[in-house]
Amino acid sequence: MLFRASQDPGYACFRIPAVVRAKDGTLLAFAEGRVLNGGDAADIDIVVKRSTDDGRTWGRLRVVNEGAGDTHGNPAPIVDRTTGRIWLAETYNTGRTDSASCSVPCDRTPHLQYSDDDGLTWSAPRDL
């Protein structure tokens, strides 16, 4: 298993995985790093691991977008095959400390960020 709380301390669990292949061939595996519990609206970070050998080995877990008490989730990466830019669409909403879902209506908003170096670094997220 690529993401496990037992190997990546600081997270109760990981959910909502997404994988893309960068223009240079690097694999990027994203997930929601759920800090407090498995709830859908708690403190959630977007995390990534990189592989440069077709998934045989993976680098350390890195935070792409820290929730800091709120929910930053639903990572949806897209690779522009012409420019090599990797776009990462995601959502934000107010976090909770229990395992409950987002209040209805949910204050969820879409955000977008990108990487121009095959997922090594990421731009600041932009509210769409």
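User: Before we look at strand E3, what does "buried" mean here?
Analyst: Good place to begin! A residue counts as buried when its relative accessible area is under 20%. Keep in mind that this model is predicted. The cut-off for buried is therefore under 20%.

User: How many residues of E3 are buried?
Analyst: Strand E3 is mostly covered. To count as buried, a residue must be under 20% relative accessible area. In E3, that holds for eight of its eight residues.

User: Which residues of E3 are buried on one side, and which on the other?
Analyst: In a regular strand, side chains alternate between the two faces of the sheet. Both faces of E3 are covered. Ile44, Ile46, Val48 and Arg50 are on one side, and on the other are Asp45, Val47, Lys49 and Ser51.

User: How many bridges join E2 to E3, and which residue in E3 is the bridge partner of Leu28?
Analyst: E2 and E3 run antiparallel, and eight bridges join them. Leu28 has its bridge partner in E3, and that partner is Arg50.

User: What is the bridge partner of Val47 in E4?
Analyst: E3 also pairs with E4: the two run antiparallel, joined by three bridges. For Val47, the partner in E4 is Val63.

User: Which elements give two or more residues to the largest nonpolar core?
Analyst: The largest nonpolar core has eleven residues, among them Leu28, Phe30, Ile46, Val48, Ile86 and Leu88. The elements that give two or more residues to this core are strand E2 (27–34), E3 and E6.

User: Which residues does Val20 touch, leaving out those up to four places away in sequence?
Analyst: Val20 is itself one of the residues of the largest nonpolar core. Leaving out residues up to four places away in sequence, Val20 touches Thr26, Leu27, Leu28, Phe30, Pro77 and Val79.

User: Is Asp54 buried or exposed?
Analyst: Asp54 lies in the loop between strand E3 (44–51) and strand E4 (62–65). Its phi is near 60 degrees, a positive value in a residue other than glycine. Most residues other than glycine have a negative phi. With a relative accessible area of 51%, Asp54 is exposed.

User: What is the phi of Asn74?
Analyst: Asn74 lies in strand E5 (residues 71–79). Asn74 is partly exposed, with a relative accessible area of 35%. Although Asn74 is not a glycine, its phi is positive, at about 55 degrees.

User: Which two residues does a cis peptide bond join?
Analyst: Most peptide bonds are trans. With omega about 0 degrees, the cis bond joins Val104 and Pro105.

Notes
Residues are numbered from 1 along each chain as its sequence is written. This is a predicted model: local features need pLDDT of at least 70, side-chain atom pairs count only at pLDDT 80 or more; totals for chains, interfaces and linings use all residues. Side-chain values use heavy atoms; hydrogens and water are left out. Helices (H or I, at least four residues) and strands (E, at least two) are DSSP runs, numbered from the N terminus. Buried means under 20% relative accessible area, exposed over 50%, partly exposed in between (1.4 Å probe, protein chains only). A nonpolar core is a set of buried Ala, Val, Leu, Ile, Met, Phe, Trp, Tyr and Cys residues joined through side-chain atoms within 4.5 Å. Contact means heavy atoms within 4.5 Å. Two strands pair if DSSP finds at least two bridges between them.
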